[in-house]
Every structure is written in C-alpha cells, then in structure tokens.
Amino acid sequence: KAQIQRYSLEFLQILEKHYGVRPILYTNRDFYKNYFKDHPDFERYRFWIAHFHVANFNMPGDRDWHFWQHSDRGRIHGINEKVDFNVFNGTEGQLRRICVP
C-alpha cells in the first residue's frame, strides 16, 4: 500500500510539473478506498471514479466525487461500439475552470 501511494504521488508530481496542471486520478471505487482515501496527500487531487451499473454513487468517506464513469455499455448514434458514459459533479462553468486551456 505504501509503495503504491509513494509511486503514485511521485508520478502525479512529475505530471503536474511537466504539464503545469494538477492531474485527475482515474481509478475504480475499491482501489480509491484501499489506497487513496485515507492518505492526506491525495486530498488535493480530483478523482474520476469508475463504478458501473449502479443508480447512485457515493465516494467512500466524506469526500465528494468529481467525475463518475457510471457505464461502459453506452450507445451513441453514429458510433457502432459501446462507449463509456461519464458525468461531472458540478456546473459547466466549474468544468471549464479545471480544463486545460
């Protein structure tokens, strides 16, 4: 657990230094709960959580989620394959503020 946390933080710092923006971590709910939830250094990061085929989603603990990938079986007109469905927990303005210009 400590090794995953340490290497993840090192990688995130490298990315942030190189791109000049704070990365968003994409993971599933259980991995978040087991490795990131109780570590204070991860509180500054946004999380994109994959947790499929449930009607509601709550992050483990008291934290709000930022992005939720709720399905990997979506259908979009014009795309022949199944696609991921995601939602952002905020307004369009909030989303624009965290996007890379």
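# Contacts, strands and burial

Student: Which residues does Val83 touch, not counting residues up to four places away in sequence?

Tutor: Val83 touches Ser71, Asp72, Arg73, Gly74, Arg75 and Ile76 on that count, where a contact means heavy atoms within 4.5 Å. The model is predicted: local features need pLDDT of at least 70 and side-chain atom pairs count only at pLDDT 80 or more, while totals for chains, interfaces and linings use all residues. Numbering runs from 1 along each chain as its sequence is written, and side-chain values use heavy atoms, with hydrogens and water left out.

Student: Why is Val83 called buried?

Tutor: Buried means under 20% relative accessible area, exposed over 50%, and partly exposed in between, with a 1.4 Å probe and protein chains only. Val83 has a relative accessible area of 17%, so Val83 is buried. The residue lies in strand S4. Its C-alpha atom is separated by 8.1 Å from that of Ser71, 12 residues away along the chain.

Student: What makes Ile76 partly exposed?

Tutor: Its relative accessible area is 39%, and therefore Ile76 is partly exposed. Ile76 sits in the loop between S3 and S4, and beyond its neighbours within four places in sequence it contacts Val83 and Phe85.

Student: Buried or exposed: how does Ser8 count, and on what value?

Tutor: Ser8 has 18% relative accessibility, so it counts as buried. Ser8 belongs to helix H1 and, leaving aside neighbours within four places in sequence, is in contact with Phe36 and Phe42.

Student: How many helices and strands does the chain have, and in which pattern?

Tutor: There are three helices and four strands. Along the sequence the pattern reads α-β-α-β-β-β-α. Helices (H or I, at least four residues) and strands (E, at least two) are DSSP runs, numbered from the N terminus.

Student: How do you know which strands are at the edges of the sheet?

Tutor: The four strands form an open sheet in the order S1-S2-S3-S4, with mixed pairing. Strand S1 (24–28) and strand S4 (83–88) each pair on one side only, and these are the edge strands. Neighbouring strands are turned by 25° against each other on average, direction ignored.

Student: What makes the pairing mixed?

Tutor: S2 and S3 pair in the parallel sense over three bridges, whereas strand S3 (residues 67–74) and S4 pair in the antiparallel sense over five bridges. Two strands pair if DSSP finds at least two bridges between them, so three and five bridges both qualify. Gln69 in S3 stands opposite Ala50, and its bridge partner in S4 is Asn86. Trp68 stands opposite Val87 in S4.

Student: Where does helix H2 lie relative to the strands?

Tutor: H2 (residues 29–36) lies across S1 and strand S2 (46–50), running at about 115° to S1. Axes are lines fitted to C-alpha atoms, for helices over the stretch in contact, and angles run from 0 to 180 degrees between N-to-C directions.

Student: Which residues have the most contacts inside the largest nonpolar core?

Tutor: Leu25, Phe42, Tyr45, Phe47 and Met59 do, in a core of 13 residues. Such a core is a set of buried Ala, Val, Leu, Ile, Met, Phe, Trp, Tyr and Cys residues joined through side-chain atoms within 4.5 Å. Helix H1 (2–19), H2 and S2 are the elements that give two or more residues to this core. Leaving aside neighbours within four places in sequence, Leu25 is in contact with Leu12, Phe36, Phe42, Tyr45, Arg46, Phe47 and Trp48.

Student: What does the side chain of His66 approach with a polar atom?

Tutor: A polar atom of that side chain lies 3.3 Å from the backbone nitrogen of Phe47. His66 is in the loop between S2 and S3. Not counting residues up to four places away, His66 touches Tyr45, Arg46, Phe47, Val87, Phe88 and Asn89.

Student: What are the totals for the chain?

Tutor: Of the 101 residues, 26% are buried. Among contacts between residues at least 6 apart in sequence, 25% join residues at least 24 apart. The C-alpha trace spans about 40 × 30 × 25 Å along its principal axes.

Technical notes. A polar contact is a pair of N or O atoms within 3.5 Å; within protein, one must be able to donate a hydrogen and the other to accept it, and residues adjacent in sequence count only if both atoms are side-chain atoms.
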